[in-house]
Amino acid sequence: MVIGMCRSFRDRALDRCYHCFPCLSDPARRSSLVLKVTLVMLHLVYVGILFLFDSDLIDKTKKEPWYTALYLLLFFATLVQYFITSGSSPGYVLDAMRAVNETNVICKKSSMAKTASSKNGSLPVEGCQSGRNFQGTDSTSWTKLVMDMYPPGTSIRSCICPYCNVEQPPRAKHCYDCDKCVLHFDHHCVWLGTCIGQGNHCKFWWYICEESALCLWTGILYITYLRANISRAWWNDAIAILLLIPLSIFIVFLLLLLFFHSYLILTNQTTYELVRRRRIPYLRGIPERVYPFSKGVCHNLYDFCCGGSNIYSLEPLPSAQELEEKSRPYTCLDVLTCRCC
């Protein structure tokens with residue numbers, strides 16, 4: 001009976017908690033919230049213990065406040081970038097389809113108004129400008145738009161997602177964690193609780209760059225503290241060493257992740273395309289040393305850094321002639337003419 005009363009009390013408490021905080025009723029959102037809280041607590045623990053134990057750092061802060069100010073600025077900037085990235089949209093196919101359909105409706109209304117005004121002898125209305133974001137999709141349906149990006153003769157059934165029941169453009173993939181199709185799908189990040197795709201890949205790169213710099217700086221401060229205080233209170237040193245060991249592992253992992261995604265950016269690839277290349281139909285017959293979507297290092301960097309104004313920009317598959325050009329080996333003349341750029 002006591003057990004039953006405890007369970008009833010627990011259920012009522014959970015119901016009240018879910019009523020006050022509806023986001024906790026969803027298991028996926030609840031686990032994502034727990035991960036976010038855990039990550040923030042880890043940051044606070046590492047920085048808090050550092051300032052609690054290291055008296056030399058406190059003295060240095062009094063003499064050179066700019067040093068600690070820069071470190072704390074990087075600390076807060078990393079946490080802000082984390083929440084910005086986790087709350088950003090990766091660019092869902094359904095949202096892109098709605099945007100294209102809304103653009104088509106606006107263009108049709110604009111063309112009708114233009115026809116009516118020309119009949120009345122008034123000044124013509126300018127054409128629809130918002131459709132330029134979709135590379136020639138002023139008045140094209142989503143299905144035709146997607147099929148035009150594939151080689152002629154491609155079956156429409158092979159492009160339809162069986163879960164979302166929507167036509168997938170090239171480089172899109174259905175994420176089973178988010179239960180949505182993502183444009184330029186890279187991977188689903190558990191720590192961020194969201195997919196990494198066309199809309200937030202740049203934000204994700206900046207986050208891991210800032211996180212790597214913060215972890216490196218924190219590791220240097222811990223090593224400096226241990227070298228200066230190794231003969232003092234042993235339990236302080238033990239705690240610092242226990243924290244430094246997992247921090248070193250995180251640093252190695254973050255640096256490898258940063259270099260890996262930098263390579264993907266320079267070659268205009270995604271993690272999914274690199275890992276599952278032989279299983280993706282439109283990449284299966286392309287040699288591994290050929291990057292079919294690469295436009296050169298400089299163009300890839302520009303599109304990645306400055307092309308985020310429109311997260312629904314779609315990219316067609318390269319033609320056979322373009323693939324042949326990209327598979328051609330580099331010569332000294334190509335290097336001098338900056339073919340790789």
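On a 1 Å grid over the protein atoms alone, a cavity is a set of points where a 1.4 Å probe fits but cannot get out, and lining residues have an atom within 4 Å of a point. Grid points are joined across faces, edges and corners, and a volume is the space filled by probe spheres set on the points. The views below show a predicted model, in which local features need pLDDT of at least 70 and side-chain atom pairs count only at pLDDT 80 or more, while totals for chains, interfaces and linings use all residues. Residues are numbered from 1 along each chain as its sequence is written, and side-chain values use heavy atoms, with hydrogens and water left out.

**View A. The largest cavity and its lining.**
The structure contains one cavity of 30 Å³ or more. The volume of the largest cavity is about 40 Å³. Its lining is formed by Q269, E273, L274, R277, L283, P292 and F293. Sorted by class, these lining residues are four nonpolar, one polar and two charged; here Ala, Val, Leu, Ile, Met, Phe, Trp, Tyr, Cys and Pro count as nonpolar, Asp, Glu, Lys and Arg as charged, and the others, Gly among them, as polar.

A salt bridge is a side-chain nitrogen of Lys or Arg within 4 Å of a carboxyl oxygen of Asp or Glu. By this rule the model has seven salt bridges. E273, one of the residues lining the largest cavity, pairs with R171, the closest N and O atoms being 2.7 Å apart. This pair links distant parts of the chain, with E273 in helix 9 and R171 in the loop between helix 6 (142–147) and strand 1 (173–175), 102 residues apart. Helices (H or I, at least four residues) and strands (E, at least two) are DSSP runs, numbered from the N terminus. E273 counts as buried because its relative accessibility is 4%, and R171 counts as buried at 3%; buried means under 20% relative accessible area, exposed over 50%, and partly exposed in between (1.4 Å probe, protein chains only). R171 also meets E315 in a salt bridge (3.0 Å, N to O). E315 lies in the loop between helix 10 and helix 11 (320–327), 144 residues from R171.

D95 forms a salt bridge with R98, with 2.9 Å between the closest N and O atoms. Both residues lie in helix 5 (residues 93–119), three residues apart, about one turn of the helix. D95 is partly exposed because its relative accessibility is 26%, and R98 is partly exposed at 44%.

L33, V37, M41 and L44 make a nonpolar surface patch of about 340 Å². Such a patch is made of residues with over 30% relative accessible area and no salt bridge, nonpolar side chains (Val, Leu, Ile, Met, Phe, Trp, Tyr) being joined within 5 Å. M41 is placed in helix 2 (residues 27–53) and is partly exposed, with 45% relative accessibility. S31 is also in helix 2. The C-alpha atoms of S31 and G193 are separated by 8.5 Å, although the two residues are 162 residues apart along the chain.

Notes
1 Å grid on protein atoms, 1.4 Å probe; cavity = no way out; pocket = protein on both sides within 12 Å on 5 of 7 lines; lining within 4 Å. Patch = residues over 30% accessible without salt bridge, like charges linked within 9 Å, V, L, I, M, F, W, Y side chains within 5 Å. Areas by Shrake-Rupley, 256 points an atom, 1.4 Å probe, with all protein chains shown as cover.
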